[in-house]
Amino acid sequence: MLFSILIANYNNGVYFKDCFESILNQSYQNFEVIIVDDASTDDSVIEIQSLIATDPRFVLYTEFENRGCGYTKMRCVSYAKGVICGFVDPDDALTPNALEVMINAFKKHPEAAMISSKHYFTDLQLTITRESIHGQVIPKGHSFLTYGKGAVTHFAVFSLEKYRQTQGLNPIYKRAVDQDLYFIMEEVGPIFYLDIFLYLYRITEKSISANSNTFKARYWHYRVMKEAYLRRKKNPNQAINFTRNQFKKMENDYFITRIKVEGARNAICKKYYFLFKSYQTSLTLDWKYKLLCLVLPKYY
């Protein structure tokens, strides 16, 4: 069973060697590695080419225009030929048995659209600093849309056949692309969970959803979830497991976050815009806080 490892790279050439070596050291060796470089401005292409030159299982595609994470990951899948696929970020790494564990899991659950696991957090040297608390079974009657809480996370592997039954990854998304993948895969089959650590997530200054990028990530997570909800409403065969009131609460929470951020920035006009949006979602949710924001412009 061929395993397609998918790597979307942008300016991570300095870390790629660790990722490369973790793949070479896998206990399961029937794999291909699809790398798409999103018009990096560092030495990524040179670094990657020098490492993969002697192994034909690694193939590098280069883009001439920077298009963002959603587009680059979509391109990765378009080149894949494996029965199952899994994304690995170029600054992260896999545990030595990651592919073998996932191959065996798919043999046990051939009906699965996706199988997820757990990950470690590491420092720049890939030394494990802590275990992620995320990753768990989604209870019966719920979906990733209603039971997010980090239930699906790295290392998440999916069926290429079932992926092709979806609309595919949205190429305009800049962040929360993994969440987009989890949502679309859930719409074509079950997601299983393995309580085992298979992935090393390196925290760097450029981590997309960490450090200074947390707020931007929050926006894209909200957008991905909103579009998944609206997409499922249009499909009579797709269970939403999500009431209108729950959706309003989700929107309200996002707008309240924006109010606090714009208030802290002293961007009063933007603050009032998101205050107005929060009133549209519900008059009763957080009404005391909204009222204070309305009468006290500097309040946040």
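User: Why does Ala39 count as buried?

Analyst: Welcome! This is a predicted model. Ala39 has a relative accessibility of 17%, and buried means under 20%, so Ala39 counts as buried. Its place is in the loop between β2 and α2 (44-52).

User: Why is Asn266 called partly exposed?

Analyst: Its relative accessible area is 45%. Buried would need a value under 20% and exposed a value over 50%; Asn266 falls in between, so it is partly exposed.

User: What makes the pair of Phe3 and Phe155 stacked, and how many aromatic pairs are there by this rule?

Analyst: The count comes to 13 aromatic pairs. For Phe3 and Phe155, the ring centres are 6.3 Å apart and the planes meet at 15°. Rings pair if their centres lie within 6.5 Å, and planes under 30 degrees apart count as stacked. Both conditions hold, so the pair is stacked.

User: Which parts of the chain does that pair tie together?

Analyst: Phe3 lies in strand β1 (residues 3-9), while Phe155 is in the loop between β7 (128-131) and β8 (157-159), so the pair ties together parts that are 152 residues apart in sequence. Phe3 is at 0% relative accessibility and therefore counts as buried. Phe155 is also at 0% and counts as buried.

User: Why is the pair of Tyr61 and Tyr79 called stacked?

Analyst: Their ring centres are 3.7 Å apart and their planes are at 0°. With 25% relative accessibility, Tyr61 counts as partly exposed.

User: Which residues do ring pairs link into a cluster?

Analyst: The cluster consists of Phe16, Phe20, Phe31 and Phe58.

User: Why is helix α6 described as largely enclosed by the rest of the structure?

Analyst: 10 of the 10 residues of α6 (residues 177-186) are buried, so the helix is largely enclosed. Among them are Val177, Asp180, Phe183 and Glu186.

User: What makes strand β2 largely enclosed?

Analyst: Seven of the seven residues of β2 (residues 31-37) are buried, so the rest of the structure largely encloses this strand. Phe31, Val33, Ile35 and Asp37 point one way, Glu32, Ile34 and Val36 the other way, and all are buried. In a regular strand the side chains alternate between the two faces of the sheet.

User: Why do β1 and β2 count as paired?

Analyst: Pairing needs at least two bridges, and seven bridges join β1 to β2, so they pair. The two strands run parallel. Ala8 stands opposite Val36 in β2.

User: Which strands pair with β9, and in which sense, parallel or antiparallel?

Analyst: Strand β5 (residues 93-94) is joined to β9 by two bridges and runs antiparallel to it, with Leu94 opposite Tyr199. Strand β6 (residues 114-122) pairs with β9 in the parallel sense over eight bridges, and Thr122 has Arg202 as its bridge partner there. Strand β9 (residues 191-202) is mostly covered, with nine of its 12 residues buried.

User: Why does Leu296 count as partly exposed?

Analyst: Leu296 has 41% relative accessibility, so it counts as partly exposed. It lies in the segment after α10 (287-295). Leu296 is one of the residues of a nonpolar surface patch, along with Trp287, Leu291, Leu292, Leu294, Val295 and Tyr299, with about 630 Å² of accessible area together.

Key:
Residues are numbered from 1 along each chain as its sequence is written. This is a predicted model: local features need pLDDT of at least 70, side-chain atom pairs count only at pLDDT 80 or more; totals for chains, interfaces and linings use all residues. Side-chain values use heavy atoms; hydrogens and water are left out. Patches are made of residues with over 30% relative accessible area and no salt bridge: like charges are joined within 9 Å, nonpolar side chains (Val, Leu, Ile, Met, Phe, Trp, Tyr) within 5 Å. Accessible areas come from the Shrake-Rupley method with a 1.4 Å probe; for residues, only the protein chains shown count as cover. A salt bridge is a side-chain nitrogen of Lys or Arg within 4 Å of a carboxyl oxygen of Asp or Glu. Helices (H or I, at least four residues) and strands (E, at least two) are DSSP runs, numbered from the N terminus. Buried means under 20% relative accessible area, exposed over 50%, partly exposed in between (1.4 Å probe, protein chains only). Rings of Phe, Tyr and Trp (its six-membered ring) pair if their centres lie within 6.5 Å; planes under 30 degrees apart count as stacked, over 60 as edge-to-face and the rest as tilted.
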